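Please find below a short note for a colleague who is new to this structure.

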Amino acid sequence: MSKVLVSDSIDQAGIDILSQVATVDVKLGLKPAQLLEIIGEYDALMIRSSTRVTQEIIEAGTQLKIIGRAGVGVDNVDVPAATRRGIVVVNSPEGNTIAAAEHALAMILALSRHIPDANASVKRGAWDRNSFVGAEVYKKTLGVVGLGKIGSHVAAVAKTMGMKLLAYDPFISTDRAEQIGCQLVELDLLFQQADYITLHIPKTPETTHLINATTLAKMKPTARIVNCARGGIIDEVALAAALKAGKIGGAALDVFESEPLGESELRSLGKEIILTPHLGASTAEAQVNVAIDVAEQIRDVLLGLPARSAVNIPGLGPDVLEELKPYMQLAETLGNLVGQLAGGRVEVLNIRLQGELATNKSQPLIVAALKGLLYQALRERVNYVNANIEAKERGIRVIETRDASIRDYAGTLHLEATGTLGTHSVTGALLGEREIHLTDVDGFPINVPPSKYMLFTLHRDMPGIIGKLGSLLGSFNVNIASMQVGRKIVRGDAVMALSIDDPLPEGILDEIIKVPGIRDAYTVTL
Ligand SMILES: NC(=O)c1ccc[n+]([C@@H]2O[C@H](COP(=O)([O-])OP(=O)(O)OC[C@H]3O[C@@H](n4cnc5c(N)ncnc54)[C@H](O)[C@@H]3O)[C@@H](O)[C@H]2O)c1
Ligand SMILES: O=C(O)[C@H](O)COP(=O)(O)O
């Protein structure tokens, strides 16, 4: 049975799902050294934002197949290191959207009405109504930086509170922004005009310290800024200085450059700042959502099925995946087959996607073909996650062509591998919804379903050759399940594709190529 380590606090609903297929160990608060020591035992790791999954941890996780982040941000996971090792990293892109958006909205209102400090003052026994006079958000301008899932929900709710909305997101169209009721503007204008600024962007090299002394200086002296996105988007030293000097009106932070927040100037400020300990996703509802979403994906991957929200597999959204699954199987089989026919080191893989495969959505087919091609060299170490990287590292040049015209089949895939031992090609298609057929080998038309053990010969089309090969195989006790010859002209060159029941015995290939008329023979295991 597989073993899953849960190292951050996860809702029981997720543990229940994992327990259907694995032994689940919940070990919270592990120190990095403790995690390093035990990670080698586990097939899957399920985390939130507290566990740091470094390259060292990933390398020690020799059995790891999947890292599941019960939440959105994977900045605590070394995703490139996981990708290199072929470990799938999954998250829950939408499970806590509403929770995070509502936390940002709560911050905006709490900051406007000094709720945390007023509450603390009453609890201390005071009845001070003068120190906590607030501001209304009605008719004020909210600047939303990042108009994705969370930013859009914040904007939609803020609109109903009568706020005017400005947004900055270079990857969102004006139409989309207008649908949400936002005016897309440049960042500088947003900084200058907003009464409230709320950040809903990922932390990237471009967004790190996006809010700094220079940008803070552009804001209104009454501006209030909310960060429920990621620590490090705001330069905390510059923010503390700006608040102290009264250069902006207030700030509410749920996330910090370093978590847990250690010694910080921010703690010494008064009611102009609200600090929460990364609570954006901490609602009962969100925790159930993300735990189920991620546990289901871990379960699926442990059962050999694809994950629906893998962050390190290109282009595999759930709909695309469902549609492409049979074709991915085709691509992988053809890749494996052409790799074995080519033998040696493959230097160039030409991939032609024909008919309904010639769409932009078919990128995963390239990955699947490479996975198949590299299987002989890497076995279980190659997967959909690392196939691209492994191919690149081996210097395999992939040339892709697309032709949308439909010929005999709705979609065909043609792979041609050129390597140190020559060039070979295979073409395949699906019959009905998912039955794989080889339709061409080395330019010779055939029509056979691939089988586990196959023998291909290149020979001269002449009387008696099939019988001789059959007798030879019989003398080695090899049972032929099916056989087909593909030829372009009568008595010219031809290809024979045989499905056999068992692997070919050692030494038989040498005997086969001694049969007069047979030029070459290839044995393949799929
Ligand atoms: N505090 C929490 O507990 C909590 C919970 C959930 C999510 N988050 C964080 O909230 C943030 C937003 O999450 P989401 O689910 O809305 O993500 P999302 O991917 O749906 O939206 C992010 C948006 O940011 C935009 N963007 C990217 N780079 C930008 C840039 N340089 N300038 C402006 N816009 C840019 C993108 O186009 C996208 O529209 C993430 O950082 C996520 O990790 C925090
Ligand atoms: O990226 C996220 O989903 C949030 O930051 C939530 O993090 P958490 O799961 O540790 O609360």
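1. The model discussed here is predicted. Within it, the buried residues of helix α7 pack against several elements: the helices α5 (97-113) and α8 (174-179), together with the strands β6 (141-145), β7 (164-168) and β9 (196-199).

2. The residues of α7 that are buried are G151, S152, V154, A155 and A158. They lie on the same side of α7, because the arc they cover around the axis is only 165 degrees.

3. Helix α7 itself comprises twelve residues, 149-160. From its first C-alpha to its last it reaches 17 Å, which is close to the 16 Å expected at 1.5 Å a residue. After α7 comes G162, which has a positive phi near 85 degrees.

4. A second region deserves attention through its annotation. An unreviewed UniProt entry places the feature "domain: ACT" at residues 454-526. This span is 22% helix and 42% strand, and its end C-alpha atoms are 8 Å apart.

5. The order β20-β21-β19-β22 describes an open sheet of four strands with antiparallel pairing. Its edge strands, β20 (480-487) and β22 (518-525), each pair on one side only. On average, neighbouring strands of this sheet are turned by 15 degrees against each other, with direction ignored.

6. How many bridges join β20 to β21? There are seven, and β20 runs antiparallel to β21 (residues 493-500). In this region S482 stands opposite S499 of β21.

How values were computed
Residues are numbered from 1 along each chain as its sequence is written. Chains are lettered from A and ligands numbered from 1 in the order in which they are written. This is a predicted model: local features need pLDDT of at least 70, side-chain atom pairs count only at pLDDT 80 or more; totals for chains, interfaces and linings use all residues. Side-chain values use heavy atoms; hydrogens and water are left out. Helices (H or I, at least four residues) and strands (E, at least two) are DSSP runs, numbered from the N terminus. The expected span of a helix is 1.5 Å times one less than its number of residues. Buried means under 20% relative accessible area, exposed over 50%, partly exposed in between (1.4 Å probe, protein chains only). The arc is that of the directions from the helix axis to the C-beta atoms. Contact means heavy atoms within 4.5 Å. UniProt positions are given in the numbering used here, feature names are shortened, and annotations may be inferred rather than shown by experiment. Two strands pair if DSSP finds at least two bridges between them. Axes are lines fitted to C-alpha atoms, for helices over the stretch in contact, and angles run from 0 to 180 degrees between N-to-C directions.
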